[in-house]
Amino acid sequence: MATLSFSISQYALSPRYSRRRITLRPSIRLVNCSASGDGDRFWGSSDGLKEVRNVACGILAAWAVTTAYPVIAANQRLPPLSTEPNRCERAFVGNTIGQANGVYDKPIDLRFCDYTNEQSNLKGKSLAAALMSDAKFDGADMSEVVMSKAYAVGASFKGVDFSNAVLDRVNFEKANLQGALFKNTVLSGSTFNEAQLEDAVFDDTIIGYIDLQKLCRNTTINEEGRATLGCR
């Protein structure tokens with residue numbers, strides 16, 4: 001059985017098959033996702049490093065098997081706005097099921113809701129497949145949130161803390177992400193077409209190589225951000 005391996009660095013996380021010749025760049029750590037347990041030889045006995053490996057492998061494995069279900073396109077027809085009372089407060093509860101696979105027990109419609117400077121009720125919530133278009137999250141603490149397959153076209157996330165968040169396959173088209181903090185954040189499969197990324201901070205983000213190339217085409221990323229990402 002072939003072994004699927006990934007390279008993690010401060011710049012990108014890129015899938016490669018182990019049979020290929022791999023050229024290592026500085027600060028790259030090889031993540032071996034084989035079920036044989038051989039990956040432990042790369043990571044030693046540190047529980048913390050093993051946890052990072054397991055999370056990275058789990059997220060990217062989920063991304064790999066769900067490529068038939070891409071992020072919702074900006075021009076795709078959305079369901080009517082929910083008439084549920086207090087629908088905006090659903091974000092403070094989140095989904096009770098669904099993590100990196102984007103599954104949810106009940107749709108979360110946060111469109112046009114305002115969470116400006118929310119510092120406690122969004123942290124760590126599961127907002128898988130949430131509809132967030134035109135919502136406002138400026139200055140909010142969204143660290144450790146799970147937003148797999150969320151639709152955030154035109155939403156505002158200025159100055160949002162996305163540290164340790166799982167933001168895979170999110171549609172951020174035309175979103176305002178000025179000054180957002182992406183520290184140790186999973187961004188694989190997400191799209192940022194025409195998004196505003198001025199002064200956004202990318203620190204140890206986890207992102208696929210092809211996705212990184214697309215992200216680097218965004219001209220609003222400043223020189224420091226481009227250097228951290230490894231944009232050429």
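These legends walk through several close-up views of one predicted model.

Residue numbers start at 1 along each chain as its sequence is written, and side-chain values rest on heavy atoms, with hydrogens and water left out. Because this is a predicted model, local features need pLDDT of at least 70 and side-chain atom pairs count only at pLDDT 80 or more, while totals for chains, interfaces and linings use all residues.

**View 1. The whole chain and its confidence.** Here we have four helices and five strands, taken as DSSP runs numbered from the N terminus (helices H or I, at least four residues; strands E, at least two). Along the sequence they come in the order β-β-β-α-α-β-β-α-α. The predictor's confidence in each residue, pLDDT, runs from 0 to 100; the chain's mean is 77, and 63% of its residues reach 70 or more. Among the elements, strand 4 has the highest mean (98) and strand 3 (residues 29–32) the lowest (36). Residues 1–46 sit below 50, and beyond near neighbours in sequence this stretch has 85 contacts in the model, a contact being heavy atoms within 4.5 Å. The accessible surface is about 11900 Å², 49% of it belonging to carbon and sulfur atoms (Shrake-Rupley method, 1.4 Å probe; for residues, only the protein chains shown count as cover).

**View 2. The Cys88–Cys113 disulfide.** This is one of two disulfides in the structure, meaning a pair of cysteine sulfur atoms within 2.5 Å. The sulfur atoms of Cys88 and Cys113 are 1.9 Å apart. Both cysteines sit in the loop between helix 2 (47–65) and strand 4 (181–183), yet they are 25 residues apart. Cys88 is partly exposed at 22% relative accessible area, whereas Cys113 is buried at 2%. For the cut-offs, buried is under 20% relative accessible area, exposed is over 50%, and partly exposed is in between (1.4 Å probe, protein chains only).

**View 3. The Cys216–Cys231 disulfide.** In this pair, Cys216 and Cys231 have their sulfur atoms 2.0 Å apart. Cys216 belongs to helix 3 (residues 209–216) and Cys231 to the segment after helix 4 (223–229), so the bond ties together parts 15 residues apart in sequence. With a torsion of about -80 degrees, the Cys216–Cys231 disulfide is left-handed. Cys216 is buried at 13%, and Cys231 counts as buried at 16%.

**View 4. Inside the largest nonpolar core.** The core has 42 residues, and Phe137, Met142, Met147, Phe157, Phe162 and Leu177 touch the most other members. A nonpolar core here is a set of buried Ala, Val, Leu, Ile, Met, Phe, Trp, Tyr and Cys residues joined through side-chain atoms within 4.5 Å. Zoom in on Leu177 and you'll find its contacts include Phe157, Phe162, Phe172, Phe182 and Phe192, leaving aside residues up to four places away in sequence.

**View 5. Charged pairs.** The structure has five salt bridges, each a side-chain nitrogen of Lys or Arg within 4 Å of a carboxyl oxygen of Asp or Glu. Asp168 and Arg169 pair at 2.4 Å, N to O, and both are buried. Salt bridges with shared partners join Arg87, Asp109 and Arg111 into one network. Arg90 meets Glu84 at 3.9 Å; Arg90 counts as buried at 14% and Glu84 as partly exposed at 26%. Asp138 and Lys158 come to 4.0 Å between their closest N and O atoms, with Asp138 buried at 10% and Lys158 partly exposed at 37%.
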